[in-house]
Amino acid sequence: MKESSQLIAGLKVCMKARNMTYKDLGKRLKLSEASIKRLFANETFTLERLERICEVLDISISQLVKMSFASSDEEVEYLNDSQEELLANDPSLLTVFYLLAHEWKPSEIAADYEISLAQISRHVISLEKLRLLERHPGNKIKMLVGPNITWKPNGAVQVQFERQARAEFFSHEFSGEQETLKFIHGEVSDATLRHLQRKIDELVKFFHSYSQVDATLPKSQTHSVGMSLAIRPWVYSQFSHLKKRRKS
């Protein structure tokens, strides 16, 4: 995909995340809906027009670029064993790392968590030593890893935290207005199973794209959410002992 096409795709994701239609955008830019559709179809954006659209969507061009190209990257990011080990052994350090990777500012972390700015500063120094971020003049922080990290299977973080988080996550009724839990079971072919796995991967990418767009909003307008997706060959234990073994 051309880089310009990736930016246009990123704009479309931003519009969906902001619940904005072509007609809505046209009204804000004083253009007809047809003109907006033509701009997106032909990818004929001047820099001035792109800046104006980003202003309407409340996102900077640099944030749009970061989000557009991060969401198109299919590579999975892993940390090395020593990085994971140190993070797993210090919940406060892991918390600060996670929030910084999701574009929280140190002041926002201190306001919402029982972690002082002095502690955060010490954690930032530790994370720099782990080569997970860089400190720059003016208290600016550049993350060297993106927010879409996959913890190593049976690695230090997964063993110590993800199993506990999984138990906590599902020990809930999921009856709230903003909560959903669906569990379904059926018989499918190998081809269908592979197709469903690809769909799960696509949904994960959508989740990351939307979360990167919403990271530009004030923290008072966002929620920390968890989403679990899983699929595997499985038979309910109450049924499995009754199931006849197939002859080879």
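**Figure 1. The whole protein, a predicted model.** The secondary structure comes to 12 helices and two strands. Helices (H or I, at least four residues) and strands (E, at least two) are DSSP runs, numbered from the N terminus. The C-alpha atoms fill a box of roughly 65 × 50 × 35 Å, taken along the principal axes. The protein has 248 residues, and 27% of them are buried. Buried means under 20% relative accessible area, exposed means over 50%, and partly exposed lies in between (1.4 Å probe, protein chains only). Residues are numbered from 1 along each chain as its sequence is written, and side-chain values use heavy atoms, with hydrogens and water left out. Local features need pLDDT of at least 70, side-chain atom pairs count only at pLDDT 80 or more, and totals for chains, interfaces and linings use all residues.

**Figure 2. Helix α2 against helix α3.** Helix α2 covers residues 22–29, and helix α3 covers residues 33–42. The two pack at an angle of about 105°, with their axes 8 Å apart. Axes are lines fitted to C-alpha atoms, for helices over the stretch in contact, and angles run from 0 to 180 degrees between N-to-C directions. The helices α2 and α3 are therefore roughly perpendicular to each other, a label for angles of 65 to 115 degrees. Y22, K23, L25, G26 and L29 in α2 meet E33, I36, K37 and F40 in α3. Contact means heavy atoms within 4.5 Å. The residues of this contact divide into five nonpolar, one polar and three charged. Ala, Val, Leu, Ile, Met, Phe, Trp, Tyr, Cys and Pro count as nonpolar; Asp, Glu, Lys and Arg count as charged; the others, Gly among them, count as polar.

**Figure 3. Cysteines C14 and C54.** The structure holds zero disulfides. A disulfide is a pair of cysteine sulfur atoms within 2.5 Å. C14 is in no disulfide, and its nearest cysteine sulfur, that of C54, is 7.1 Å away. C54 is in no disulfide either. C14 is buried, with a relative accessible area of 1%. C54 is buried too, at 2%.

**Figure 4. H195 in helix α11.** This helix spans residues 190–214. H195 and R163 are 32 residues apart in sequence. In space they are 27 Å apart, C-alpha to C-alpha.

Technical notes. Angles under 35 degrees count as roughly parallel, over 145 as roughly antiparallel, 65 to 115 as roughly perpendicular and the rest as oblique.
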